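Subject: Structure handover

Hello,

Please find the structure below, followed by notes on what was found in it.

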Amino acid sequence: MKASTVRSVNCPSCGKAVEWTPESRYRPFCSERCKLIDLGAWATESFRLRAEETELNEEDLRSLGH
Ligand SMILES: [Zn+2]
């Protein structure tokens, strides 16, 4: 390990140390899986926000209907 020349970052998805080198092609993620997980989290979050808006509207409709 050449710690003095190789910088490392923590994977945003799992927190694992990732060497910041051309070989770490998914940096700052440790693997393609973690990269996809993180992208999926963003997509899920945006979907969740839309779903919450929909649920609120449905609740409003229900309260109006009953
Ligand atoms: Zn990871």
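Where in the chain is the place of C34? The place of C34 is in helix α1, a helix here being a DSSP run of H or I with at least four residues and a strand a run of E with at least two, both numbered from the N terminus.

Two points on conventions. This is a predicted model, in which local features need pLDDT of at least 70 and side-chain atom pairs count only at pLDDT 80 or more, while totals for chains, interfaces and linings use all residues. Residues are numbered from 1 along each chain as its sequence is written.

Overall layout. The chain has one helix and two strands, in the order β-β-α along the sequence. Of its 66 residues, 8% count as buried; a residue is buried if 20 or more other C-beta atoms lie within 10 Å of its own, exposed if 12 or fewer, and partly exposed in between, with C-beta atoms placed from the backbone. Among contacts between residues at least 6 apart in sequence, 8% join residues at least 24 apart. Two residues are in contact if their C-beta atoms, again placed from the backbone, lie within 7 Å.

The annotated site. An unreviewed UniProt entry lists C11, C14, C30 and C34 under "binding site". These residues are spread over 24 residues of sequence but cluster in space, with a largest C-alpha distance of 8.2 Å. UniProt positions are given in the numbering used here, feature names are shortened, and annotations may be inferred rather than shown by experiment.

C34 is partly exposed because it has 19 C-beta neighbours inside 10 Å. Leaving aside neighbours within four places in sequence, C34 is in contact with C11, S13, C14 and F29. C14 sits in the loop between β1 (8–10) and β2. C14 has 14 other C-beta atoms within 10 Å, so it is partly exposed. Not counting residues up to four places away in sequence, C14 touches C30 and C34.

S31 is in the loop between β2 (17–19) and α1 (32–65). With 16 C-beta neighbours inside 10 Å, S31 counts as partly exposed. From C-alpha to C-alpha, S31 and C11 are 8.6 Å apart in space, at a separation of 20 residues in sequence.

P28 also lies in the loop between β2 and α1. The peptide bond from R27 to P28 is cis, with omega near 5°. Most peptide bonds are trans.

Regards
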